[in-house]
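Subject: Structure handover

Dear colleague,

I am passing on the structure below, and I would be grateful if you could look it over before reading my notes. What I found follows directly after it.

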Amino acid sequence: MKIIITGAAGFIGSNLSKALLERNHIVIGIDNLSYGLKRNIADIKDHPNFEFVLGDIANPLILKDYHADIIIHLASQKIPRYTNALRTLDENYLMLRNIVQKCILDKSKIIFASTSDVYGKNPNVPFHEESDLVLGSTTIKRWAYASSKIYGEQYIIANSEEYGLKYTIGRFFGSYGPNHNLTWWGGPQSGFITKAFNNEEIEIHGDGTQTRTFTYVEDTVSALVKFVEDPKSDNEIFNTGSNPEEEISILGLAELIWKSVNGEDSYPKLKYIPYASFGKYEDVMRRVPDITKLKEFFGFKPQWSLKEGLKKTIKWQRNILGK
Ligand SMILES: NC(=O)c1ccc[n+]([C@@H]2O[C@H](COP(=O)([O-])OP(=O)(O)OC[C@H]3O[C@@H](n4cnc5c(N)ncnc54)[C@H](O)[C@@H]3O)[C@@H](O)[C@H]2O)c1
């Protein structure tokens, strides 16, 4: 199949491009390199079935000369804790509108990267696809990201009803692994690993008892491959994550990473950052997916435990940072 991937030089996009090329698909990857890196696509850039387009997806003309069976829309602004809520709302909407219109015109399917953040503060875990989406006040800017993704899901479903747009929505839960961004943009793993290498304090936001369920990127990608290749995925939403048993606190993650880097007998140096220092902020205290639907539809089974996935990730990061 011919597939356009937006955000192809980013973390998930680069891993996915590689996997789809290995499965003999043709991939056109688009990225403005605002957060992605050329390094991430260095080993596929000369592949005969890969083309890279440098450009901004908020520009409605950027895709005019390209056509595909499927557009996988990964490019996004993320949690605006350190950046701008307006940019998150504006850019995520503009990009999605362009991609949806393109898909309707070309009769392409859209695969949309949504997020576990849409479940917000819902205290009832694990979250299944029909669970309530419980956000905090609109005066707390961190919810701009979840709002933009909820709007995106509704926008796609409404276009499906009106214009027959074919779609799959994946709600990703904390993906990590090679090519993840080395700043907070990439999630906690990358920063924690660098601190452990440098024997420096790991920053814990709040008291560290908040939990997450992380997914090694190969598992995220193998679910995405199902969304590309299996028509059963059409017009469905899937939690895209690991088994609920992988739930771990942020403190537990810091400890696991530190010990993996510095030995079982070591203990992490920690620095607690109160939530108040982010201004008006709210965290999600537990984030756990129910992935029954993914398993029942595709026989999907996550292949990577957190411990094994971290080992591979630490090895990659050691190499990138020359540690
Ligand atoms: N990584 C995760 O754990 C996770 C969790 C939940 C949801 N998601 C979603 O999955 C998608 C991919 O996430 P990721 O971690 O790979 O992010 P990433 O930031 O590494 O990749 C996104 C890419 O999009 C590009 N981009 C951003 N705005 C653009 C624009 N206007 N024009 C062209 N390119 C643009 C960036 O340069 C970047 O390379 C995002 O939509 C994100 O919201 C990711």
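Helix 1 (11-22), helix 2 (85-106) and strand 5 (109-115) each supply at least two residues of the shell around the ligand, where helices (H or I, at least four residues) and strands (E, at least two) are DSSP runs, numbered from the N terminus. The largest share of that shell, 3 residues, is contributed by helix 1. In total 28 residues surround the ligand, and the closest are Gly7, Gly10, Gly36, Ser76 and Ala113; a residue is near a molecule if its C-beta atom, placed from the backbone, lies within 6 Å of it. The shell divides into 12 nonpolar, 12 polar and 4 charged residues, with Ala, Val, Leu, Ile, Met, Phe, Trp, Tyr, Cys and Pro counted as nonpolar, Asp, Glu, Lys and Arg as charged, and the others, Gly among them, as polar.

Please keep in mind that this is a predicted model, in which local features need pLDDT of at least 70 and side-chain atom pairs count only at pLDDT 80 or more, while totals for chains, interfaces and linings use all residues. Residues are numbered from 1 along each chain as its sequence is written.

As for the protein as a whole, there are 8 helices and 13 strands. Its radius of gyration is 19 Å, close to the 20 Å that the globule rule gives for 323 residues, so the protein is as compact as a globular protein of that length; the radius is taken over C-alpha atoms, and the rule is 2.2 Å times the number of residues to the power 0.38. Of the 323 residues, 42% count as buried, a term that requires 20 or more other C-beta atoms within 10 Å of the residue's own, whereas exposed means 12 or fewer and partly exposed lies in between, with C-beta atoms placed from the backbone.

The buried residues of helix 2, including Ala85, Met95, Leu96 and Ile99, pack against strand 1 (2-6), strand 4 (70-73), strand 5 and helix 3 (143-163), where contact means C-beta atoms, placed from the backbone, within 7 Å. After helix 2 comes Lys107, whose phi is positive, near 55°.

Strand 4 is covered on both faces, with Ile70 and Ile72 buried on one side and Ile71 and His73 buried on the other. Strand 4 pairs with strand 1 in the parallel sense over 4 bridges, pairing being assigned if DSSP finds at least two bridges between two strands, and Ile4 stands opposite Ile71. Another 4 bridges join strand 4 to strand 5, which run parallel, and Lys109 in strand 5 is the bridge partner of Ile70.

Some loop residues may also interest you. Pro126 sits in the loop between strand 5 and helix 3, and a cis peptide bond with omega of about -5° joins Val125 to Pro126. Leu33, in the loop between strand 2 (26-31) and strand 3 (50-54), has a positive phi near 60° and is exposed, with 12 other C-beta atoms within 10 Å.

With best wishes

Conventions. Contact = placed C-beta atoms within 7 Å.
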